[in-house]
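Visitor: Hi, I have a structure open and I'd like a quick tour. Can you take my questions as they come?

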Amino acid sequence: MIKIGIILGSTRPGRNGAAVARWVRDIASQRTDAEFELVDLLDYKLPHLDEALPPSLGQYAQPHTQEWANKIDSFDGFIMVTPEYNHSTSGVLKNAIDYLYAEWNNKAVGFVSYGSLGGARAVEHLRLVAGELQMADVRSQVALSLFHDFENFSDFKPGQFQVDALNATLDQVLAWSAALAPLRAP
């Protein structure tokens with residue numbers, strides 16, 4: 001069965017991303033066509049990239065990198081939940097991505113973003129990064145507005161159309177994850 005990691009890309013105290021990631025997981029877990037696991041970056045103590053060799057060599061020296069690599073390698077695809085900070089993704093998510101290379105290759109990725117403009121600019125940057133990592137980023141995405149999908153900018157209250165957008169994104173991530181499976185085979 002296809003296994004999808006839902007990566008919570010913020011570690012900020014009081015982060016809105018925790019509620020968003022749980023929402024993604026709860027909706028995804030109603031499906032029977034894949035397994036879903038929430039991966040919270042708070043659970044992985046990844047300092048600013050501290051590997052001496054480039055990730056493309058796959059020679060990880062640090063135990064935290066090896067643990068992260070094993071986790072990411074266990075998935076067939078991803079949903080990245082990202083805030084938008086200063087017209088881009090969070091530094092912690094970018095750092096976590098940058099630690100690895102081969103573990104991301106030939107896997108699908110979809111995005112659920114949030115911010116004043118729905119996090120659209122964060123996703124634009126992540127799509128560029130995904131291309132370099134040989135990931136298939138799907139067209140569908142969920143863009144959550146702090147003005148319309150949150151009360152008081154903090155209480156998450158998405159509309160039904162966001163559920164529909166999430167299901168479309170999940171459909172595409174699963175389809176592409178399955179299609180890329182032969183490329184991931186040893």
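What follows is a short chat about the strands, a helix, a loop residue and some aromatic rings.

Guide: Go ahead. Keep in mind that this is a predicted model.

Visitor: Let's start with strand 3. How many of its residues are buried?

Guide: Seven of its seven residues are buried. Strand 3 runs over residues 77-83. On one side sit G77, I79, V81 and P83. On the other are F78, M80 and T82. Both faces are covered.

Visitor: Which way does strand 3 pair with strand 1, and over how many bridges?

Guide: The two pair in the parallel sense, over five bridges. For instance, G5 has F78 in strand 3 as its bridge partner.

Visitor: And with strand 4? How many bridges there?

Guide: Seven, again in the parallel sense. Strand 4 covers residues 108-115. P83 stands opposite Y114 in strand 4. Between the two strands the chain passes through helix 3, residues 91-98, and this β-α-β crossover is right-handed.

Visitor: New topic. Where is S10?

Guide: S10 is in the loop between strand 1 and helix 1.

Visitor: Buried or exposed?

Guide: S10 is buried, because its relative accessibility is 1% and the cut-off for buried is under 20%.

Visitor: What does S10 touch?

Guide: Leaving out residues up to four places away in sequence, S10 touches R15, D40, P83, Y85, V92 and Y114. A polar atom of the S10 side chain also lies 3.3 Å from the backbone nitrogen of R12.

Visitor: Now helix 1. What span should its twelve residues have?

Guide: They should span 16 Å, at 1.5 Å a residue. The end C-alpha atoms are 16 Å apart, so the model agrees. Several residues of helix 1 are buried, including W23, V24 and I27.

Visitor: On to rings. How many aromatic pairs does the whole structure have?

Guide: Eight. One of them is W68 with W104, an edge-to-face pair. Their centres are 6.5 Å apart, with 70° between the planes. W68 is in helix 2 and W104 is in the loop between helix 3 and strand 4, so the pair ties together parts 36 residues apart in sequence.

Visitor: What about Y114 and F150? Why is that pair called tilted?

Guide: Their planes are at 50°, so the pair is tilted. The ring centres lie 6.3 Å apart. Y114 is in strand 4 and F150 in strand 6, and the pair links distant parts of the chain.

Visitor: Last one. Which residues form the aromatic cluster?

Guide: Y44, W68, F75, F78 and W104.

Notes: Residues are numbered from 1 along each chain as its sequence is written. This is a predicted model: local features need pLDDT of at least 70, side-chain atom pairs count only at pLDDT 80 or more; totals for chains, interfaces and linings use all residues. Side-chain values use heavy atoms; hydrogens and water are left out. Helices (H or I, at least four residues) and strands (E, at least two) are DSSP runs, numbered from the N terminus. The expected span of a helix is 1.5 Å times one less than its number of residues. Buried means under 20% relative accessible area, exposed over 50%, partly exposed in between (1.4 Å probe, protein chains only). A polar contact is a pair of N or O atoms within 3.5 Å; within protein, one must be able to donate a hydrogen and the other to accept it, and residues adjacent in sequence count only if both atoms are side-chain atoms. Contact means heavy atoms within 4.5 Å. Two strands pair if DSSP finds at least two bridges between them. A crossover is right-handed if, with the strands pointing away from the viewer, the path from the first strand over the helix to the second runs clockwise. Rings of Phe, Tyr and Trp (its six-membered ring) pair if their centres lie within 6.5 Å; planes under 30 degrees apart count as stacked, over 60 as edge-to-face and the rest as tilted.
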